[in-house]
Amino acid sequence: MKTTNTINDYFNRPLRDLRISVTDKCNFRCTYCMPAEIFGPDYPFLKRNELLSYEEIERLTKIFVHSLGVQKIRITGGEPLMRKDLPNLINKIKQINGVCDIAMTTNGSLLPKHAQALKEAGLSRVSISLDSLNDEVFGKINGRGVTVKAVMDGIEAAAEVGLKVKINMVVKRGMNDHEIIPMAKYFREKGHILRFIEYMDVGNTNKWNLKDVYPKRQIIEDIDQIMPVEAIDPNYTGEVASRYRYIGSDAEIGVISSVSDAFCSTCNRARLSANGTLYTCLFASKGHDLRDPLRSKLSDEQLAEYLQTIWHGRKDRYSVERSESTTKRTKIEMSHIGG
Ligand code: SAM
Ligand code: SF4
Ligand code: SF4
């Protein structure tokens, strides 16, 4: 197979970052992602034979890296640690020549059990989601009464084994905007980068409303009043978070402003769902099935050509085009597509 081709899309954006969802299941029911009243006991989660196997994921990842120019892999879900033997997959991806970085997004609750094996398998970084330091608020948000300590234990376990840790906090007006300052103070002290994520209109089940978005400008204003911050340059082109530094220190925070300040012009990400559908935008209405081609007799070269054609034709820039009508169209759920 040819090595390290870069294919640009319609707007001249390369593909660098592949986010792989390994399961659509989760042990939490965050209100903004998998509301419990919809994701109940009868919800039709994917069955085992519908999931891509680790061998299939490995094969596709190789093609993405060698024939499209992917460099970074992020494992996500659902809750990725709900899938058995995840270190086995990490280890397979780690062996692929050309992969520079393997990260994972997790709710952290299962990290105390798995952090060591994940690190040994080759995982370098984890983004751990935590939306509040208050048990009552957090228990309501995660829909399962999970305590803050359960996630803190995960954060500690990850740091202890040497994984680089970032914290993700989704901010929704009236839900946890009052937690911005306590979270900022706590993680500044702890030395972990905290990234605030604007509440997004992913999927159709979370009853998203623009009024509930607590925008980047307001988040930064709130923090700046208590702990002055200054904007700093991105680490690389296409970085999703805008970075800020607390003045007079090295500690930093980030804001992911998908709603109030779109960053589609540099978007170099694709998402592979657990059942093998490729989505070229987080807000896609439909994707491209890769599981059937993968299970047919297509060669790696033929699969590579198919993927290159998909990326070459990509015109997505949802956040730039967001409007009343686009937010109402049918979109894939976050727990399916992976964050
Ligand atoms: N279960 C893992 C976790 O929570 O970290 C990984 C999957 S989760 C879908 C990935 C990220 O998406 C999390 O940081 C989560 O907070 C974020 N997320 C989910 N729904 C969101 C929404 N409607 N708006 C903004 N971020 C959201
Ligand atoms: Fe689960 Fe993550 Fe979605 Fe919360 S945000 S319900 S932890 S997949
Ligand atoms: Fe990328 Fe789609 Fe998000 Fe724009 S809206 S940054 S194209 S995922």
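## Binding sites and ligand surroundings in a predicted model

UniProt, in an unreviewed entry, marks Tyr32, Gly78, Ser129 and Met200 with the feature "binding site". UniProt positions are given in the numbering used here, feature names are shortened, and annotations may be inferred rather than shown by experiment. This is a predicted model, where local features need pLDDT of at least 70 and side-chain atom pairs count only at pLDDT 80 or more, while totals for chains, interfaces and linings use all residues. Residues are numbered from 1 along each chain as its sequence is written, chains are lettered from A and ligands numbered from 1 in the order in which they are written, and side-chain values use heavy atoms, with hydrogens and water left out.

### Two residues from that annotation

Let's start with Tyr32. Where does Tyr32 lie? Tyr32 belongs to the loop between strand 1 and helix 1. Helices (H or I, at least four residues) and strands (E, at least two) are DSSP runs, numbered from the N terminus. Tyr32 has a relative accessible area of 16%, so it counts as buried. The cut-offs are simple: buried means under 20% relative accessible area, exposed over 50%, and partly exposed in between (1.4 Å probe, protein chains only). Not counting residues up to four places away in sequence, Tyr32 touches Asp131, Ile141, Val170, Met175, Tyr199 and Asn206. Contact here means heavy atoms within 4.5 Å.

Ser129 sits in strand 4 (residues 125-129). Residues up to four places away in sequence aside, Ser129 touches Thr105, Thr106, Asn107, Val151 and Asn168.

### The cysteines and ligand 2

Another "binding site" feature from UniProt (unreviewed entry) is placed at Cys26, Cys30 and Cys33. Which residues surround ligand 2? They are Cys26, Phe28, Cys30, Cys33, Met34, Gly78 and Asn107, where near means that a heavy atom of the residue lies within 4 Å of the molecule. By class, this shell has 5 nonpolar, 2 polar and no charged residues. For these classes, Ala, Val, Leu, Ile, Met, Phe, Trp, Tyr, Cys and Pro count as nonpolar, Asp, Glu, Lys and Arg as charged, and the others, Gly among them, as polar.

Cys30 is found in the loop between strand 1 (17-21) and helix 1 (54-68), and Cys33 lies in the loop between strand 1 and helix 1. Beyond its neighbours within four places in sequence, Cys30 is in contact with Pro35, Ile141 and Asn142. With its neighbours within four places left aside in the same way, Cys33 is in contact with Phe39, Thr205, Glu333, Met334 and Ser335.

Arg269 lies in strand 10. Leaving aside neighbours within four places in sequence, its contacts include Arg19, Phe263, Trp311 and Arg314.

Strand 10 (269-272) and helix 10 (318-321) each supply at least two residues of the shell around ligand 3. Of the 13 residues around ligand 3, Cys264, Cys267, Cys281, Leu282 and Ser319 come nearest. This shell divides into 7 nonpolar, 1 polar and 5 charged residues.

### Accessibility at a glance

| Residue | Relative accessible area | Class |
|---|---|---|
| Cys30 | 14% | buried |
| Cys33 | 18% | buried |
| Arg269 | 5% | buried |
| Ile90 | 0% | buried |
| Asn12 | 57% | exposed |
| Lys207 | 66% | exposed |

Ile90 is part of helix 2 (residues 86-94). Once neighbours within four places in sequence are set aside, Ile90 is in contact with Ile75, Ile102, Leu118, Ala121, Gly122 and Leu123. What separates the C-alpha atoms of Ile90 and Pro35? The separation is 29 Å, for two residues that are 55 residues apart along the chain.

Asn12 lies in the segment before strand 1, and its phi is near 70°, a positive value in a residue other than glycine. Lys207 is placed in the loop between strand 6 (193-198) and helix 7 (216-226). Lys207 has a positive phi of about 55° although it is not a glycine.
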